[in-house]
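Here is a short briefing on one protein model. Keep the sequence and the 3D view open as you read.

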Amino acid sequence: MVGNIALAAASPPSDSDINRLLAASRAQSMLDAMLPQMEAMQAQQFAQLTQEKSFTPEQKQRLQRIQQRTSQTLREALSWSQLRPMYVDLYKQSFSKEDVLAMAEFYESSAGQSLLDKTPALMQNLMVAIQQKMNPLLASLQKDLEAIVAEEKK
């Protein structure tokens, strides 16, 4: 309740303030960079769904058209022109004018630009590190599952 009162007392950011922040934080280019990854995940899921089934050439063509249409729908739904108004509304709901201006100033600074430049490599390194940490856990889980299956067969 106190947080809501404080936020209500703060002046709301204007569309111009939020547009400045979105530009400084490279929101559109980050979204554009995510789209191919999301499309690749969608294609991989589609391939997994159809992997062990045999289809006629005509069915394969229909499936390919469905996949292309799904990819196009995803691209349209997640386009900057569709999402920018949502970003603006959510920033207005979440941040005061002072917050937005301070964030924009940070992202416009050399430190902010450096953060933006290095974030993709950081995220990639985090994913690799997390995967390496998970591999022994998954191997242990696999052994436990095999032991349970072996016990049930007895």
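**Aromatic rings**

Phe 95 is partly exposed, because its relative accessible area is 28%, which lies between the 20% limit for buried and the 50% limit for exposed. Keep in mind that this is a predicted model.

- The structure contains four aromatic pairs.
- One of them joins Tyr 91 and Phe 95. Their ring centres are 5.5 Å apart. Their planes meet at 45 degrees, so this pair is tilted.
- Phe 106 and Tyr 107 also form an aromatic pair. Here the centres are 5.3 Å apart and the planes stand at 65 degrees. That pair is edge-to-face.
- Phe 106 has a relative accessibility of 36%, so it counts as partly exposed.
- Which residues do ring pairs link into a cluster? They are Trp 80, Tyr 87, Tyr 91 and Phe 95.

**Helices α6 and α7**

- Helix α6 spans residues 97-108, and helix α7 spans residues 110-153.
- They pack at an angle of about 75 degrees, and their axes are 4 Å apart.
- Angles of 65 to 115 degrees count as roughly perpendicular, so α6 and α7 are roughly perpendicular to each other.
- On the α6 side, Phe 106, Tyr 107 and Glu 108 make the contact. On the α7 side, the residues are Ser 110, Ala 111, Gly 112, Gln 113, Leu 115 and Leu 116.
- Sorted by class, this contact of α6 with α7 has five nonpolar residues, three polar and one charged.

**Helices packing on α5**

- Helix α3 covers residues 27-50, and helix α5 covers residues 80-94. Their axes come within 11 Å and cross at roughly 130 degrees.
- That angle makes α3 oblique to α5. The crossing of α3 and α5 is right-handed.
- Ala 27, Gln 28 and Leu 31 of α3 meet Trp 80, Leu 83 and Tyr 87 of α5.
- The contact of α3 with α5 has five nonpolar residues, one polar and no charged.
- Helix α2, residues 15-24, also packs with α5. The angle is about 115 degrees, and the axes are 10 Å apart.
- The crossing of α2 and α5 is right-handed.
- From α2, the contact residues are Asp 15, Ile 18, Asn 19, Leu 21 and Leu 22. From α5, they are Trp 80, Arg 84, Tyr 87, Val 88, Tyr 91 and Lys 92.
- By class, the contact of α2 with α5 has seven nonpolar residues, one polar and three charged.

**Glu 108**

- Glu 108 sits in helix α6.
- Its relative accessible area is 43%, so Glu 108 is partly exposed.
- Glu 108 touches Arg 20, Ala 24 and Gln 113, leaving out residues up to four places away in sequence.
- Glu 108 and Lys 97 are 11 residues apart along the chain. Their C-alpha atoms are separated by 16 Å.

**Gln 42**

- Gln 42 belongs to helix α3.
- Is Gln 42 buried or exposed? Gln 42 is buried, because its relative accessible area is 14%, and buried means under 20%.
- What does Gln 42 contact, leaving aside its neighbours within four places in sequence? Gln 42 is in contact with Gln 67, Thr 70 and Ser 71.

Notes. Residues numbered from 1 in each chain as written. Predicted model: local features only at pLDDT ≥ 70, side-chain atom pairs only at ≥ 80, totals over all residues. Heavy atoms only, no water. Axes fitted to C-alpha atoms, helices over the stretch in contact; angles between N-to-C directions. Helix = DSSP H or I, 4+ residues; strand = E, 2+ residues; numbered from the N terminus. Parallel < 35°, antiparallel > 145°, perpendicular 65-115°, else oblique. Contact = heavy atoms within 4.5 Å. Nonpolar A, V, L, I, M, F, W, Y, C, P; charged D, E, K, R; others polar. Phe/Tyr/Trp six-rings, centres within 6.5 Å; stacked < 30°, edge-to-face > 60°. Buried < 20%, exposed > 50% of the residue type's maximum accessible area, 1.4 Å probe, protein only. Left-handed = near helix turned anticlockwise from the far one by under 90°.
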